[in-house]
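Subject: Structure for your files

Hello,

Here is the structure you were going to look at.

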Amino acid sequence: MRTRLLTLCVMISLPLFAQRNSQIRVYPDRGTEEISRHIYGHFAEHLESCIYGGLWVGPDSDIPNTQGYRNDVLDALKKLQIPNLRWPGGCFADEYHWMDGIGPKENRPKMVNNNWGGTIEDNSFGTHEFLNLCKLLGCEPYISANVGSGTVEEMAKWVEYMTSKGDSPMARLRRQNRRDQAWKVKFIGVGNESWGCGGSMRPEYYADLYRRYATYCRNYDGNQLFKIASGASDYDYDWTEVLMKNVGGRMDGLSLHYYTVTGWEGSKGSATQFNAEDFYWTMGKCLEIEDVIRKHIHIMDQYDPQKKVTLMLDEWGTWWDEEPGTINGHLYQQNTLRDAFVAALSLNLFHKYTDRLKMTNIAQIVNVLQSMILTNGPQMVVTPSYHIFEMFKVHQDAIHLPLDLVCDIETVRDNRKVPMLSVSASKNKEGVIHLTLANIDLNQTNEVTLDLQSHKITTVNSRILTAASMNDHNTFENPELVKPTTFHGAKIEKGQLKINLPPKSIVVLEVK
């Protein structure tokens, strides 16, 4: 059962009242769907500083590291309980030839990263380095394989190299490269953005190509692959229709990409310099993904009513102009409180569709787009978006709880409708209820009344993420300008919870 949103629609100019009032009714005994931990997945592409200097510095670096992985980044990422990590792309995946990234480092050939700045890629971070990173982080690897410029044989051999335990040719090659045991690899993407940088294909052509490539992705020695087809870009519903019709149950998952971006031509706007109108427009564009998800799910339901094929939103997040002074094509951008709101609103929304939507991957993990972490040489700082993933991880593998929400909505630029409150609720295996709430209004508090029906509230613990300005962000000079603190605005009154949400605030409540 999905969340019901009951909106009290008041078309007014922002701001008008000193305070808003909202009501939430949660149904603790009606939840049926589990929020997959894979909703909280991440993405690492070879855009130079995401991998090199971000995740990987090499074992000989002066930056403290474990087997070449920088310690500060490892420690920070472990706190997120990352469920899966997608690699090596992105557009890079369909130009990546995996055999260039194995064996002694000095023997690995270099390549030009044509998609991202023309940087020379030395392939010092390859299959072994990625899969060992996943083990250090305790997460599932998600391999995005090359269909655009690769062959069926190449993909088949990669699967064999990673997962075969026997005396097969690729397993012997892996052992020559000092890895005796096979890895467990579940998720494999058969191409990426095949409609664009992955080959500029028509959906009919890619559907046939997928069937061919996926056939030779074998299950070796008990390793069961979960095969993901390259899906649509945001509003391309025809792509989903064709793949569901022509591929159907031959795929386990179908991907979808959606970015909160002003447009693909010209300037996308500054990550840090924006006004209130820009902020509210961003919230509307972010929330527009719900209609996109619904329409793709509707098509999938027509061909697969049993929901055997899952929807995988394996790229999402904000996309702004690169920071001035950074390398063109490396997509390095700052990350403000506005980005934290995009993360919070998106995750709250994803929970509602977890009967079909089983994985999402924010783009990207370090130094690229809406990243969790920024690095500069030996310096590291976590972003406001990082804090959202850390705070919201309480929802992983919990039961999504249906709720009713009555709140104000506003009409913002481009006639987008934006509810002024976002909320999600779940119950974990211990029976503890968690709620994540976001007051989108930049100027007004929101007095929220929370009714948990027959559930008796005895204790409440809570944290809040906010800042003095919507443009605030963490820098290497001021790394804790935006960080969570204890929240004291939730009070138990006559069996209900009264929550005083400050303007532009995101709160996590633990209710027992």
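A disulfide needs the two sulfur atoms within 2.5 Å. Please bear in mind that this is a predicted model. Cysteine 134 is buried, with a relative accessibility of 2%.

How many disulfides does a search of the whole structure find? The search finds one. The bond is between cysteine 91 and cysteine 197, with 2.1 Å between the sulfur atoms. The torsion about their S-S bond is about -90°, so this disulfide is left-handed. Cysteine 91 sits in the loop between β6 (84-87) and β7 (111-113), and cysteine 197 in the loop between β10 (187-190) and α5 (203-215), so the bond ties together parts that are 106 residues apart in sequence. As for accessibility, cysteine 91 is buried at 11%, whereas cysteine 197 is partly exposed at 31%.

Now the backbone. Most residues other than glycine have a negative phi, and most peptide bonds are trans. The following places depart from that pattern.

Cis peptide bonds:
- Tryptophan 87 and proline 88 are joined by a cis bond with omega of about 5°. Proline 88 lies in the loop between β6 and β7, which is also where cysteine 91 is found.
- Alanine 363 and glutamine 364 are joined by a cis bond as well, with omega of about -5°. Glutamine 364 belongs to the loop between β14 (357-363) and β15 (373-376).

Positive phi in residues other than glycine:
- Arginine 178 has phi near 70°. Its loop runs between α4 (169-176) and β10, and the residue is exposed, with a relative accessible area of 84%.
- Leucine 331 has phi of about 55°. This leucine is in the loop between β13 (310-318) and α9 (337-350). Is leucine 331 buried or exposed? Its relative accessible area is 9%, so leucine 331 is buried.

Regards

Key:
Residues numbered from 1 in each chain as written. Predicted model: local features only at pLDDT ≥ 70, side-chain atom pairs only at ≥ 80, totals over all residues. Heavy atoms only, no water. Helix = DSSP H or I, 4+ residues; strand = E, 2+ residues; numbered from the N terminus. Buried < 20%, exposed > 50% of the residue type's maximum accessible area, 1.4 Å probe, protein only.
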